[in-house]
Amino acid sequence: MSESTLVTTNLLRFYRPIGLWLGSAMIVGIGIALTAVLSVGDLRFSLWLMIVGSAAKYWLLAVGIMLTGMHLRQYVSAGVTRHEFLAGAGLFGLVTAVLFAAAVIAGHGLEQWAVGLAGPLSPDYPAIAPVTEYLHVLPVELGYLVSGTAITAGFYRFGALPGLLVLVPGMLPAAVSEALLAGGPHGESITRVLPFGFAVAVSLVVTAVGAVACHRLIRDVAIRRATG
Amino acid sequence: MIELQDLTVRYGDTVAVDHLSLTLPTGKIYGLLGRNGSGKTSLLSVLASYRKATSGSITVDGVDPFENAGVMRQTSFIRDTLDVNGADRIAKVLDFAARLRQGWDAAYAARLLEMFELDPRKRVSSLSRGQRSSLGVVLGLAARSQLTILDEVYLGMDAVARTAFYRELLADYLDRPRTIILSTHLIEEVADLFEQVIIIDRGRLVLHEEADELRGRGVTVTGPAAAVDAFVAGRTVLGDQHLGGVRAATVYGRLAPDEVQRAQGAGLALGPVGIQDLFVHLTSTPAAGPRPQEALR
């Protein structure tokens, strides 16, 4: 097994229990909330998309922050090169975002099925459109992941004050994808400013540029000490 | 062979390592000595590929170690602050090392844990300073790397743990010879382990020589106070002790054979000098320019 594959598998191993706990808590929480809402009236928005959709992207932002802030020195100190770490962490991030986006869409489908059991769907409830939804959710999640990595990489490389200068460009992947593709008030997929295809493409390009910037920031960065 | 040529490490205006050149044959235990802010950690960080040198070159077995997978796999750099996740339990930290380190010796790691009385179920964040240092030693030694760099890993360890560490380090080195670089301030405690000593000050190389040769740079002259006074007159005295009418003076510099004869003729006993005394002498001379700040390393 190559070192970069080792990085990917070990990161997946590290985050798997956290992801499972988070997912389980979400399912239970949404299930309870759904039961409560349906017992008093119609569900006019997707609880799953609103809550889990948001949680997934913010969780990926946190993962991006931890990749540089915590994992980089762990792996380099274990004999992994920065290049191998970046390759492995990149694949891990991609796999995680793809799986999370799939979980968001699958959860929406389940929610719609459960709501349908209780009666006819409200006209305001966003009916599932798997492919369109997936293409809305995945670029946003990737944008948040790359933004988390870029922002931390800036602080890690340049220190506190100069790192602030990287904050604004570092937020671009999340901000652009959010502005173009984030869900509407009911959780529905909305495309803003640009036509759908362009919005997805622009979002992915900005995220890819952010990923390249992360690589440039980290590929030869000094491995800093732990603070604690 | 590790070769450093004109190596310089800067942090902004601060020069941590200043045009340092060294050649270190492999398979030895090196003592890297220097005062606070002398550039030890910066030098070790470059050796371990933790940072790039600002200028100059470094090679390990003929290749630049920076981002070199082959060299980095065979290098363990243990800093006084551990590069592990504080929330992890010790068992998880060791499991991680076992997955990543090809030469990881799990049985040896388990034995070291037992020796240092570390409970694998404990989280790193709950360990005392000394226990964290002990965990660092476990990670450094059980990795079985060809180049093992231990940077002040004894911090917080009690005397028993330190003694166990020194004993284990030597036993393991004799069993599996490799290159070990120890940076320490507890010079007298570890001095017997060193085969070669490197002293740096303000980022510059002060001395690099065999430990025995270094010890020969000075001599302790013991005998009646008047006779010692007469013998050491005009020499650099590094240290002095009096007990009744007896004086023991530590003198810098090698004695010529006729001087040895003269001392013995005067009833004086000559003995070796501790590396620490020589280190203090060699690094206490004020030099131009401020000492770089520790925080910058």
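Where pLDDT is low, the predicted coordinates should not be read in detail.

This is a predicted model, so local features need pLDDT of at least 70 and side-chain atom pairs count only at pLDDT 80 or more, while totals for chains, interfaces and linings use all residues. Residues are numbered from 1 along each chain as its sequence is written, and chains are lettered from A and ligands numbered from 1 in the order in which they are written.

The scores for the model are ipTM 0.85 and pTM 0.87.

## Chain B

Switch to a cartoon view of chain B. How many helices and strands does chain B have? There are 11 helices and 13 strands; these are DSSP runs, numbered from the N terminus, with helices being H or I of at least four residues and strands E of at least two. The radius of gyration of chain B, taken over C-alpha atoms, is 21 Å, close to the 19 Å from the globule rule for 297 residues, so chain B is as compact as a globular protein of that length. That rule is 2.2 Å times the number of residues to the power 0.38.

## Chain A

Select chain A and you will find 6 helices and 0 strands. Its C-alpha trace spans about 60 × 40 × 35 Å along the principal axes. Buried residues, those with 20 or more other C-beta atoms (placed from the backbone) within 10 Å of their own, make up 44% of the 228 residues in chain A.

## Where the chains meet

Show both chains together. The contact takes 20 residues from chain A and 21 residues from chain B. Which elements give two or more residues to the chain A side? They are helix H1 (3–40), helix H2 (47–77) and helix H3 (82–118) of chain A, and H2(A) gives the most, with 4 residues. The chain A side divides into 7 nonpolar, 7 polar and 6 charged residues. Here Ala, Val, Leu, Ile, Met, Phe, Trp, Tyr, Cys and Pro count as nonpolar, Asp, Glu, Lys and Arg as charged, and the others, Gly among them, as polar.

## Into the core

For the last stop, select A:Leu60, B:Ala97, B:Val138 and B:Ile149, the residues with the most contacts inside the largest nonpolar core, which has 133 residues. Such a core is a set of buried Ala, Val, Leu, Ile, Met, Phe, Trp, Tyr and Cys residues joined through C-beta atoms within 7 Å. H2(A) gives the most to this core, with 13 residues, and at least three residues come from each of domain 1 and domain 2 of chain B.

Finally, zoom in on B:Val138. Which residues does B:Val138 touch, not counting those up to four places away in sequence? They are B:Ala109, B:Leu112, B:Leu113 and B:Phe116.

Key:
Contact = placed C-beta atoms within 7 Å. Buried ≥ 20, exposed ≤ 12 C-beta atoms within 10 Å, placed from the backbone. Domains from an automatic or database assignment.
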